[in-house]
Amino acid sequence: MPNKTAKTAAKATGSKASASKVASSKTAPKTVTKTLVTKTSVTKAVVAKVAAKPVTAKPAAKPVAVAPRVEEPKKVLTQRQGFKTNEFVVYPAHGVGQILAIEDQEIAGARLELFVINFMKDKMTLRVPTAKVANVGMRKLSEPALVKKALETLKGRARIKRTMWSRRAQEYEAKINSGDIVAIAEVVRDLYRSESQPEQSYSERQLYEAALDRMSREIASVNKISETEAVRQIEQNLAKSPRRGAKTEGEAVAEGDVDADADADAEGDDAAVADEAA
């Protein structure tokens, strides 16, 4: 009996031990699960805290100090295409002007080099591309020898073609705008009227004054005198021209012109021209 009791007690003890093992095995996973849940919640809390904190950008690395670039001053242009600043030039459509500067400008996305020309008498400033001076006919002042030739032209006989005034007026305008001082002198000579001659029409007077102005301004610039003195020189040479109306009718017809008295009619009346030439 004692042996059975001992065996029974041993069995009971073994069963208790196994039961405790099972219980412990059953309990262990729960503990682990709790631990995992706890870690997960902690992780979430950490993530939430990180998300709640504002993200601050790290300061950028300080740039390496570079020596400041010293820009070279733009070179001032003083000469182009044979023309230089402060020089007087002749622009055919406007007469004598002075080059104030040569500058670069951006126009319609393109860089252009321009002459800045001032026409003091007209109170006007003109900008001409340096590459276009040949096309527009801009030129230097005439040489003194050419000026002398123009003054000699004034002493010649006036030549007036047998055409309507409108056509002659166009020819005079073309000569004035040509920029040729000798051609301009021809207009002055042909349209000049002395006190003993018939008065000019308004259109004739306008052309005469335009030609006289162009010629006197260039002579004044070349000879370094005032325009008043230049006009006086021109009128003195005009006064030395031969008496108008001295040609014979045959000479006038042969040369295709008549003298100035034949142009008394401002609109080119051919009948008046024929009577005067006769």
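Figure 1. β3 (88-91), β4 (95-107) and α6 (202-223) each give at least two residues to the lining of the largest cavity. Helices (H or I, at least four residues) and strands (E, at least two) are DSSP runs, numbered from the N terminus. This is a predicted model, where local features need pLDDT of at least 70 and side-chain atom pairs count only at pLDDT 80 or more, while totals for chains, interfaces and linings use all residues. Residues are numbered from 1 along each chain as its sequence is written, and side-chain values use heavy atoms, leaving out hydrogens and water.

**Figure 2. Inside the largest cavity.** You'll find two cavities of 30 Å³ or more in the structure, and the largest holds about 60 Å³ of space. A cavity here is a set of points on a 1 Å grid over the protein atoms alone where a 1.4 Å probe fits but cannot get out, and lining residues have an atom within 4 Å of a point. Grid points are joined across faces, edges and corners, and the volume is the space filled by probe spheres set on them. Among the lining residues are Tyr-91, Arg-139, Ile-184 and Glu-218. The lining counts six nonpolar, two polar and three charged residues (nonpolar: Ala, Val, Leu, Ile, Met, Phe, Trp, Tyr, Cys and Pro; charged: Asp, Glu, Lys and Arg; polar: the others, Gly among them).

**Figure 3. Helix α4 against helix α5.** α4 (residues 165-176) packs on α5 (residues 181-191) at an angle of about 140 degrees, their axes 8 Å apart. Axes are lines fitted to C-alpha atoms, for helices over the stretch in contact, with angles from 0 to 180 degrees between N-to-C directions. So α4 counts as oblique to α5 (under 35 degrees is roughly parallel, over 145 roughly antiparallel, 65 to 115 roughly perpendicular, and the rest oblique). Residues making the contact (heavy atoms within 4.5 Å) include Trp-165 and Tyr-172 of α4 and Val-187 and Leu-191 of α5.

**Figure 4. Helix α5 against helix α6.** The axes of these two come within 9 Å and cross at roughly 140 degrees, which means α5 is oblique to α6. Ile-184 and Val-188 are among the α5 residues that meet α6, whose side includes Leu-207 and Met-215.

**Figure 5. A look at Asp-213.** Asp-213 sits in helix α6. Leaving aside residues up to four places away in sequence, Asp-213 touches Lys-121 and Glu-227. Val-231 is 18 residues from Asp-213 in sequence and 8.3 Å away in space, C-alpha to C-alpha.

Key
1 Å grid on protein atoms, 1.4 Å probe; cavity = no way out; pocket = protein on both sides within 12 Å on 5 of 7 lines; lining within 4 Å.
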